[in-house]
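Hi everyone, thanks for having me. I'd like to walk you through one structure today, so please have it open while I talk.

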Amino acid sequence: MCIKERNTSDSTCKKLLRDEGCFADLCNYAFFQGRQVIKPEELVSRENDLSTLIGNVDDPTEIKRYRDVVRKAGIHGDYVIIGVEHQSTFDKNMIFRLLNYDAMTYINQVESKKEVYPVGSFVFYTGDEEWKLPETLKETLKSIPSEMEPNINDWRLPVIDLKTMDARKLTNRRLKDVVEISQSMFAGSYEGLRENRKIETESFMMAATFTRTNIRREDLPEGDEINMCKAMDQLFQRFENQGMEKGETIGFEKGKLNTLKELLKVKLGTLSSPLEKQLTNTSLEKLNVLTLNIFNINSEEDVLKIIN
C-alpha cells in the first residue's frame, strides 16, 4: 500500500458520482437513510452551470473553483440543487467552506436571474481516521452568549464516512461494491476480499484508490469484470512470486519501510518504539513476508511472529 495524491481520490470520486445511479443512491443514503426518494432519471448535471462556481464570475482576479460534484434533482415535481464535497483528509474549516459554497450557490442563482432552487450539501469522507470534527456551525464558534443563542443561525455539516456506511441500505450495484470492497481494504480483511462474487474491475480499482491501496490494474485478471476470490488468489500469488524473484513485492520496494510502518499504524492505531526499532533492523525478506500477510495482522504480537 502507499499514500496516493489527494487529487487522485478526488477525480475518482467525481468519476463515481458522474454515474447517475451512484449519485442518487449516495444522496438517498445521506438524506433519507436509504429510502429511494431521488431517482437517477430525474437528475440534471450542473457541472458547467455558473451557479456552481464559487467566486465573482466577472472579476478575473477573484479565485474561483467549482464545487466537487453538483446536480439538480427532481423530487415529486420540485427541484433541489445537491452538492457533494469529497474529503480524504480532515479540514477543520469544512463547515465554513460548506456554508460559503451553499451561500454562493444561492447568490449566483440570484445574479444569473434564474429561479432560486433550494440547496442541500454533504461531505463524502474517504479518509483513514474517524471524522471527529464539529457537525454544526455553532459547535465551532468560541462562545455564544446565552441571550443571543436563539438568534444565531446554525449550519449543518452532514458527513458520510465511507468506512462506516451501512451498505445494506444501498441499492446501486457499483456504489455498493465500492463501499464493501473499500471497507474490507480499510479493515485489512483478506477473507472479506476473497468472497466468491463478481464485481466490475473499475469498481475494485476505485476502492483501491479511496483506501490508498497500491494495486495496479495489471495485477488483476483481464476483463471488465472479475471474480473476487480468483482475483485475490492471483494477486497474492503474484506478490509471492515477485518476492521470490526480486526480493520485493508490488507496493513494497527497497527504501519503502516508512510506507509499511504507516500501514501498520492504520491497522493497529499506533506502533510501540521497540517494534518500530525492530522493523528498522528487519531483513527485506521478512518485511516482504510481513507485507504479504498484512490483511491478517491485528496486533503487534502478530507482527512479531512474522518477523522473528
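Before we start, one term: a polar contact is a pair of N or O atoms within 3.5 Å, where, within protein, one must be able to donate a hydrogen and the other to accept it. And keep in mind that this is a predicted model.

The side chains of Ser 121 and Asp 102 are joined by a polar contact of 2.5 Å. Where does Ser 121 sit? You'll find Ser 121 in strand E6, which covers residues 119-125. Is Ser 121 buried or exposed? Ser 121 has a relative accessible area of 7%, so it counts as buried. Beyond its neighbours within four places in sequence, Ser 121 is in contact with several residues, among them Phe 31, Arg 67 and Pro 158.

Now zoom out to the sheet. E6 belongs to an open sheet of five strands, in the order E1-E4-E5-E6-E7, with mixed pairing. On average, neighbouring strands here are turned by 30° against each other, ignoring direction. Look at E1 and E4: they run antiparallel and are joined by three bridges, and Leu 43 stands opposite Ala 73 in E4. Then there's helix H2, residues 20-32, lying across E1, E4, E5, E6 and E7, at about 100° to E6.

Next, charges. Side chains of opposite charge can pair when their charged atoms come close. How many salt bridges does the structure hold? The structure holds twelve. Let me show you a few.

Asp 177 pairs with Arg 173, with the closest N and O atoms 3.5 Å apart. Those two are four residues apart in helix H5, so about one helical turn separates them. Asp 177 is buried at 6% relative accessibility, while Arg 173 is partly exposed at 43%.

Glu 180 forms a salt bridge with Arg 197, and there the closest N and O atoms are 2.9 Å apart. Glu 180 lies in H5, and Arg 197 in the loop between helix H6 and strand E8, so this pair ties together parts that are 17 residues apart in sequence.

How values were computed:
Residues numbered from 1 in each chain as written. Predicted model: local features only at pLDDT ≥ 70, side-chain atom pairs only at ≥ 80, totals over all residues. Heavy atoms only, no water. Buried < 20%, exposed > 50% of the residue type's maximum accessible area, 1.4 Å probe, protein only. Contact = heavy atoms within 4.5 Å. Pairing = 2+ DSSP bridges. Axes fitted to C-alpha atoms, helices over the stretch in contact; angles between N-to-C directions. Salt bridge = Lys/Arg side-chain N within 4 Å of Asp/Glu carboxyl O.
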